[in-house]
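Here are some notes to read alongside the model. Have it open while you go through the points.

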There are 2 protein chains.
Amino acid sequence: MSNEELTSTIKMARQNGIVQPLLTDLYQITMAYAYWKSGKVNDVAVFDLFFRTNPFQGEFTIFAGLEECLKFLENFHYSDSDIGYLKQTLPDNIEPEFFAYLKDLTCKDIKLCAIEEGSVVFPRVPLLRVEGPLIIAQLLETTLLTLVNFASLMATNAARYRMVAGKTVSLLEFGLRRAQGPDGGLSASKYAYIGGFDGTSNVLAGKMFNIPVRGTHAHSFVTSFSTLDDIHTVTLRHSETQAPYNLLELSTQWRIKVSAIVDISPEEASDGELAALISYAIAFPTGFLALVDTYDVKRSGLLNFCAVALALNDCGYRAVGIRIDSGDLAYLSVLARESFEQIAEAFKLPWFSKLTIVASNDINEETILSLNEQGHKIDCFGIGTHLVTCQRQPALGCVYKLVEINGQPRIKLSQDVGKVTIPGHKEAYRLFGADGHALIDLLQRSSEPAPEVGQKVLCRHPFQESKRAYVIPSKVERLYKECWKDGHVCVKPKPLLEVRERVQSSLRTLRQDIKRNLNPTPYKVAVSDDLYCFIHDLWLQNAPIGELS
Amino acid sequence: MSNEELTSTIKMARQNGIVQPLLTDLYQITMAYAYWKSGKVNDVAVFDLFFRTNPFQGEFTIFAGLEECLKFLENFHYSDSDIGYLKQTLPDNIEPEFFAYLKDLTCKDIKLCAIEEGSVVFPRVPLLRVEGPLIIAQLLETTLLTLVNFASLMATNAARYRMVAGKTVSLLEFGLRRAQGPDGGLSASKYAYIGGFDGTSNVLAGKMFNIPVRGTHAHSFVTSFSTLDDIHTVTLRHSETQAPYNLLELSTQWRIKVSAIVDISPEEASDGELAALISYAIAFPTGFLALVDTYDVKRSGLLNFCAVALALNDCGYRAVGIRIDSGDLAYLSVLARESFEQIAEAFKLPWFSKLTIVASNDINEETILSLNEQGHKIDCFGIGTHLVTCQRQPALGCVYKLVEINGQPRIKLSQDVGKVTIPGHKEAYRLFGADGHALIDLLQRSSEPAPEVGQKVLCRHPFQESKRAYVIPSKVERLYKECWKDGHVCVKPKPLLEVRERVQSSLRTLRQDIKRNLNPTPYKVAVSDDLYCFIHDLWLQNAPIGELS
């Protein structure tokens with residue numbers, strides 16, 4: 001093997017990592033054998049992948065994970081070592097021909113249609129429609145669910161944060177340390193970015209997905225300095241003249257001047273903290289963003305930061321801002337902004353009033369809403385645990401249901417009407433009103449003609465007979481695109497940035513009342529009259545008549 | 001490169017996967033540069049990794065993830081491509097020597113001491129103590145947290161399920177499809193097993209960690225059959241005589257006989273379901289465990305299962321049991337058990353009454369407690385979403401704090417007393433009472449002599465002056481073991497099975513009231529008198545004196 005081949009093999013191993021056919025539930029493989037054994041090798045099936053309820057008590061979901069699903073189809077292949085493991089795991093009486101069959105299995109006969117990644121989607125409208133040989137379509141179930149469920153949940157969560165934070169505030173994902181495992185963290189970084197975050201602290205995510213990475217220093221950096229004697233280097237050269245300046249001297253002088261303006265005694269401020277901030281500023285004169293709550297924001301951190309920022313200014317550098325990681329974020333951000341404004345005025349440095357204020361302590365949607373009400377002065381939120389673990393609801397419940405086999409529709413009944421599946425091979429359309437907003441998603445049998453602009457369409461609730469409405473769409477969007485066919489990806493996956501833009505443009509088509517945080521209006525999902533009758537005929541055929549006793 | 005080397009390189013890439021030095025927060029690397037730039041290359045630090053609150057409103061936590069941490073230390077190395085990425089990501093003015101420094105960085109000068117993996121652990125007692133050069137010790141923070149946080153959370157969650165389910169019930173992890181990404185799923189399978197589960201549905205986890213895998217079939221298998229005509233193969237050979245039997249004929253005959261006993265009309269039962277179960281039984285005659293709720297457990301599934309199980313018995317095979325995935329699990333399990341007992345008696349097949357009943361619908365701790373109260377007859381729970389996402393609390397809040405630098409203690413103060421760190425290089429001991437139960441965990445300064453059996457020890461609350469107690473331990477366990485030193489793992493990590501046993505033996509040392517689900521008693525964590533005084537002297541030295549205004 002050449003070095004190039006080697007590199008690409010290793011790269012493949014790294015890229016695909018654990019997303020491989022054995023990343024599945026055992027019952028997919030036992031079912032595959034039972035299908036194979038009972039002569040169903042040539043059966044052709046249609047499966048729908050969909051969810052039944054929007055997460056986070058909201059009324060919309062962002063669909064994500066499609067690119068990963070396509071990669072999985074592309075690389076689907078049982079290795080010799082996989083087959084060896086299955087042989088030793090399944091009962092002894094499995095016919096050896098089955099393993100030969102598995103060994104040769106690929107996704108070349110599978111067709112996958114999907115809604116565009118990054119779109120807003122709704123309950124019961126399938127996100128993926130998988131068609132092809134029953135056995136292989138069944139074998140894809142668990143992995144596709146794993147890839148779509150968390151990706152969509154994260155993207156939705158991030159989009160919700162973006163909505164409550166507003167467009168002008170920066171959002172950074174800081175959650176790696178609390179994520180559900182290393183890849184839980186990586187996926188979180190990726191899909192938070194897609195959902196509308198501006199960057200991540202996760203360096204590997206930055207490298208792998210080309211996401212902006214952000215970060216400065218932690219409390220431990222500050223506590224590692226005790227006194228001003230702990231500073232080893234005090235010299236910084238001017239950004240233009242290259243003249244050497246003593247940043248320690250400048251900073252201590254500025255601390256006295258600033259303390260008079262903000263009315264805080266310089267004796268109260270920690271010298272260890274000042275030493276740490278000076279050291280950090282010397283290392284990053286162009287990126288000086290300092291954590292100011294190690295001891296006390298008001299009495300120490302803010303004063304020390306302003307002193308160093310003004311000293312940096314003497315050397316031709318503009319500081320970036322501060323991060324506050326504890327305490328009353330609304331109050332402290334207002335206090336910091338006021339101090340910045342006082343200093344801007346006192347020293348005729350207008351840019352000082354615009355310094356960035358980052359806040360980052362256990363923030364969630366509700367915290368942001370509450371901070372908004374209190375009139376905070378924060379420019380950027382760093383969000384960890386609640387974002388990356390989707391603490392409010394840590395799983396999306398996508399399911400993968402058989403809806404047709406050999407051309408015959410299949411229905412899964414349930415005493416819970418919400419769990420009855422919509423049978424058959426279907427198309428989905430989004431109908432838009434004259435104002436450009438999405439009105440309704442409509443599921444039809446694939447044999448029906450598409451709804452037409454300007455034509456009256458009868459839209460029915462799938463299960464409640466009396467709920468019907470006529471809609472005259474001003475625009476009709478066919479939701480499914482063929483993504484995988486004949487062993488190839490049909491539509492090249494879009495770059496991350498475009499998927500990220502798709503999320504925002506798709507969200508803009510939703511009315512505000514559907515997106516609001518409190519008691520949002522449900523978006524309507526309907527079936528055509530034809531599909532309604534089809535469902536209910538099939539239901540009656542399959543439901544046993546009970547007996548009261 | 002030889003084929004062998006190639007294989008091992010690819011294996012390494014696969015194994016380590018994304019657990020690599022760049023799986024970290026950017027601020028670790030910017031801090032590293034600021035430390036480096038300010039002459040702190042030879043500073044020596046001690047960091048403690050600990051949590052502040054037990055998860056799930058409980059009073060204990062299981063420590064897990066240590067083996068992964070050691071693997072991470074062993075493989076810690078920035079690749080050329082990593083360095084390239086950092087060069088392009090960090091500001092232009094970073095000195096090139098810093099990248100050369102990073103390139104050569106390894107963990108050879110790090111010493112890591114840890115509590116034994118699988119032990120019960122408590123708030124504030126460090127799980128890991130990391131000592132060594134400040135820069136490298138700091139660079140390990142995020143990755144160590146990522147590896148310990150979710151592992152420990154999952155193991156704790158699993159151990160809690162095991163406690164409420166009791167020792168005799170089997171517990172299977174079925175959560176892959178709802179897990180937080182592919183590796184979220186793999187980690188969940190691994191640490192659920194460590195915490196006390198008996199197996200997983202996740203095939204890759206089975207292969208990678210040698211965990212028993214379990215699974216039979218899904219609803220889609222059942223709905224893929226419509227009528228008895230859908231059966232392609234009806235023949236099963238007798239397990240001993242090899243004589244051919246027609247399983248379809250036998251099953252339909254048995255269905256009539258059974259229907260008389262359990263008083264259900266055979267016309268009500270689904271023929272498609274019977275066809276599916278017969279096909280499954282022919283494929284897995286030794287492992288016939290059937291999902292019985294696709295249509296109606298009572299009117300269809302149970303009857304069809306018993307018919308096929310009795311037909312299998314004619315062929316010399318014993319069925320395994322049923323799985324119920326919806327409805328009233330307590331009622332349906334009792335009904336199923338009664339039917340099994342009636343059949344056992346009617347046909348003189350005592351083993352039939354002992355058939356396994358698996359239940360698997362959205363189960364959590366509370367469901368199991370409620371089922372226990374109702375007197376269920378379930379032998380095995382399959383648990384997914386709530387287990388693998390730790391829905392009740394999806395993150396453990398371990399932190400990593402600097403406690404000493406160059407021999408000088410460091411304290412992180414906070415207005416929230418619970419967030420004040422315990423400074424200095426410490427040892428931890430667990431003191432046991434005469435009955436073998438753990439009484440208290442005691443933190444001491446490392447310079448103090450260890451507590452001795454039979455000797456009175458003064459144990460103090462770390463922050464509340466008046467809370468003190470004398471303890472005379474009957475056994476003293478030193479909690480930290482050296483795990484990594486001089487670039488090598490010191491204690492070979494135990495096999496998964498031994499860690500799993502450690503969890504149960506460690507839990508047995510806790511009093512029942514500490515482990516109970518409702519309002520458990522807190523386990524005590526104390527500091528020695530010496531450490532108490534040390535903390536409070538340092539606190540006073542570092543806390544600024546406020547001014548009321």
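1. A word on the annotations to begin with: UniProt positions are given in the numbering used here, feature names are shortened, and annotations may be inferred rather than shown by experiment. With that in mind, an unreviewed UniProt entry puts "domain: Nicotinate phosphoribosyltransferase N-terminal" at residues 22-149 of chain A. That stretch is 43% helix and 16% strand, with its end C-alpha atoms 18 Å apart. Helices (H or I, at least four residues) and strands (E, at least two) are DSSP runs, numbered from the N terminus.

2. Some ground rules. This is a predicted model, where local features need pLDDT of at least 70 and side-chain atom pairs count only at pLDDT 80 or more, while totals for chains, interfaces and linings use all residues. Residues are numbered from 1 along each chain as its sequence is written, chains are lettered from A and ligands numbered from 1 in the order in which they are written, and side-chain values use heavy atoms, with hydrogens and water left out.

3. Back to UniProt: the unreviewed entry also has "domain: Nicotinate phosphoribosyltransferase C-terminal" at residues 426-532 of chain A. Here the span is 20% helix and 36% strand, and its end C-alpha atoms lie 12 Å apart.

4. Separately, chain A is split into domain 1 (14-158 + 394-542) and domain 2 (216-378); such bounds come from an automatic or database domain assignment. The C-alpha centres of these two domains of chain A are 51 Å apart.

5. Now the interface. In chain A, 117 residues are in contact (heavy atoms within 4.5 Å) with 117 residues of chain B. The two chains bury about 9700 Å² between them, 60% of it on carbon and sulfur atoms. Buried area means the accessible area (1.4 Å probe) that two parts lose on being put together, summed over both. R177(A), Q180(A) and K207(A) supply 9% of what chain A buries against chain B, more than any other three residues.

6. Which residues does R177(B) pair with? Its side chain forms a salt bridge with E141(A) (3.1 Å, N to O), and R177(B) also meets D25(A) in one (2.9 Å, N to O). The latter pair runs from the loop between β6 (170-173) and α8 (181-195) of chain B to the loop between α1 (3-16) and α2 of chain A. A salt bridge here is a side-chain nitrogen of Lys or Arg within 4 Å of a carboxyl oxygen of Asp or Glu. Between chain A and chain B the count is 6.
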